[in-house]
Structure formats: C-alpha cells, structure tokens
Amino acid sequence: MARRRQIYEGKAKILYEGPEPGTLIQYFKDDATAFNAQKKGTINGKGVLNNRISEHIFTLLGLIGVPTHFIRRLNMREQLIRQVEIVPIEVVMRNVAAGSLSTRLGIEEGTQLPRTIIEYYYKDDALGDPMITDEHIAAFGWATQEEMHDIADLAIRVNDFLCGLFAGVGIRLVDFKLEFGRIWDNDYSRIILADEISPDGCRLWDMKTNEKMDKDRFRRDLGGEAEAYQEVARRLGLMPEGEDSAVLDLEKHRQNRGK
C-alpha cells in the first residue's frame, strides 16, 4: 500500500492527502487532550466513535441543507472530506451555563441561559485560543462581515437541529464548538461547516441525571470516558446494545484477529 502524504496533525485528528484534487482523508485518533493540551491521555476507541457520530450528524445536517465538508466515511477511523481553507475562529454555542462561562461570570453550572449565546475564539494554541469579538475579526481580517453573517446563521441552524436531535434521545446539549471553512470557486468563496461534531467538542448531559457524557469526564478525572462516548453512540442508534466494544480498541482488535 502506498504511503499517504500527511498534510496536518492536530490533537485529535490527522489529515492526509485525498484520492482526488480538493479532497482530504480525515483520520480520528484515540488521543485525548484538555486545557490546551496541558493534560494528555488516551480514550480507547474514541476515534472510532467520533468518526461514526460525526458522520451521522454531518449526514443529517446535509439533509436539512447545511453545507459541510463531509463526503463519506471510508472505514472505522477515516472519512473523506472536502479540502477547505479553515477560518481561524472557533464558534462556541452555549445553551446552558458550564465550563469557562460559569468560571468567568460566576454563573452556577447547569443554569439554563435566557437565550443561546454565541462566542468566538481565535484559533491559536500558543495563545490559548483567546476569546474575541466581531471587532477583532473585522480589524484583523480573519473573516468578512458577510462571512460572519453566514457563520452565525449556520451555527444557529446547527444548534437548533442538534438540540432537538439530542433531546430526542434523552441528552441535553449544553454547549459545543463549531469550525467553518471556505470553499473556493475561482474568485468566489462560500462558507461551509468543517472539522467534526462529537463528544470531544460538545457538552452532553443525561437529561434525567445530568451525568456528563462527553470529554469533561476526561478533563475532570471522572473516569468512564469510553463508556460515555459509547452511550452517546448507542442512543443515536450507531452502536447496538450488547455490541462488543473491544472492536473499538484497534490494538485489541488486531490481537484478537491474530495480527
């Protein structure tokens, strides 16, 4: 098998050159990081689960007209995506007070917000992904005003859809992160949804118990990370009850097959 050219490696994914111009292969890792990679670890099978969950969500979003970079899932850990020019802004949608919002503003975690709050952060690990405003974005040319309107409109649509999707399976969508990219057609560009949507970038709480079902279990040393991710997949109908979770651990899977 020919060695693929690696384009980029991030904290949770690796991007490889795709089979056709304008495409990439996105590989989901089991690596887990928190607090700007100050805390590092591994969640067995996370890459497999995030690949499945993100595929499912991006497919559903495509069906309601949200443009995304997703083309198709290739295997357990990889999906084919469109190559985009990433807008260097993380968009955080907050429905319930949690995490840094609670810390910054002294609002008790779990408080329902009177309206959804959209926050923007500059994508720069060295700076700790600082919070920014529309004024910063305009002043430094990270995105045009028209692009920011498109980003906000898409983010609101995605939030509305996901709140309903997760509520339908007994999960409260507390907050989540989105990233967007530009697709170019000669001199014209348009904004589409990129990256992933999975328990890595969402706060997901059980509606009855408020049990955390996301990466906060890793951040806060709660344990049970793999089980929480599996439960999200099960509720979304992606992992039938009783399915052997050992297949989610690639090394164990290879050993079991005698490789």
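What percentage of the 259 residues of the protein count as buried? The figure is 47%, where buried means under 20% relative accessible area, exposed means over 50% and partly exposed lies in between, with a 1.4 Å probe and protein chains only. Some notes from going through the model follow.

1. Ground rules. This is a predicted model, so to speak a computed one: local features need pLDDT of at least 70, side-chain atom pairs count only at pLDDT 80 or more, and totals for chains, interfaces and linings use all residues. Residues are numbered from 1 along each chain as its sequence is written, and side-chain values use heavy atoms, with hydrogens and water left out.

2. Overall make-up. The protein has 7 helices and 14 strands; both are DSSP runs numbered from the N terminus, with helices being H or I of at least four residues and strands being E of at least two. The radius of gyration is 18 Å, close to the 18 Å from the globule rule for 259 residues, so the protein is as compact as a globular protein of that length. For that comparison, the radius is taken over C-alpha atoms and the rule is 2.2 Å times the number of residues to the power 0.38. Along the principal axes, the C-alpha atoms fill a box of roughly 60 × 50 × 35 Å.

3. Contacts and surface. Take contacts (heavy atoms within 4.5 Å) between residues at least 6 apart in sequence: 57% of them join residues at least 24 apart. The accessible surface is about 13,300 Å², and carbon and sulfur atoms own 49% of that; the areas come from the Shrake-Rupley method with a 1.4 Å probe, and for residues only the protein chains shown count as cover.

4. Charges. There are 36 positive and 42 negative side chains, and the centres of the two sets lie 4 Å apart. The count takes Lys and Arg as positive and Asp and Glu as negative, leaving out His and the chain ends. Each charge is placed at NZ of Lys, CZ of Arg, CG of Asp or CD of Glu.

5. Strand β3 and its partners. Of the 6 residues in β3 (residues 23-28), 5 are buried, so the strand is mostly covered. β3 pairs with β2 (residues 13-17) in the antiparallel sense over 5 bridges; pairing requires at least two DSSP bridges between the strands. E17 has L24 in β3 as its bridge partner. The β2-β3 hairpin leaves 5 residues between the strands, and G22 in the turn has a positive phi of about 85°. β3 is also joined to β7 by 5 bridges, again antiparallel, with Y27 standing opposite E78.

6. E78 itself. This residue sits in β7 (residues 78-82) and is buried, with a relative accessible area of 9%. Leaving aside neighbours within four places in sequence, E78 is in contact with R4, I25, Q26, Y27, N51 and R73.

7. The β4-β5 hairpin. Strands β4 (residues 31-34) and β5 (residues 39-42) run antiparallel and are joined by 4 bridges. D31 has T42 as its bridge partner in β5. There are 4 residues between the strands, and F35 takes a positive phi near 55°.

8. Positive phi elsewhere. Most residues other than glycine have a negative phi. N186 has phi near 55°; N186 lies in the loop between β12 (171-185) and β13 and is exposed at 71% relative accessibility. D221 also has phi near 55°; D221 lies in the loop between α5 (216-219) and α6 (225-235) and is exposed at 62%.

9. Two buried strand residues. S189 is in β13 (residues 188-194) and counts as buried at 19% relative accessibility. Not counting residues up to four places away in sequence, S189 touches E147, R182, I183 and W184. S189 and I53 are 136 residues apart in sequence and 28 Å apart in space, C-alpha to C-alpha. L113, in β10 (residues 112-122), is buried at 9%. The C-alpha atoms of L113 and R94 are 7.9 Å apart, with 19 residues separating the pair in sequence.
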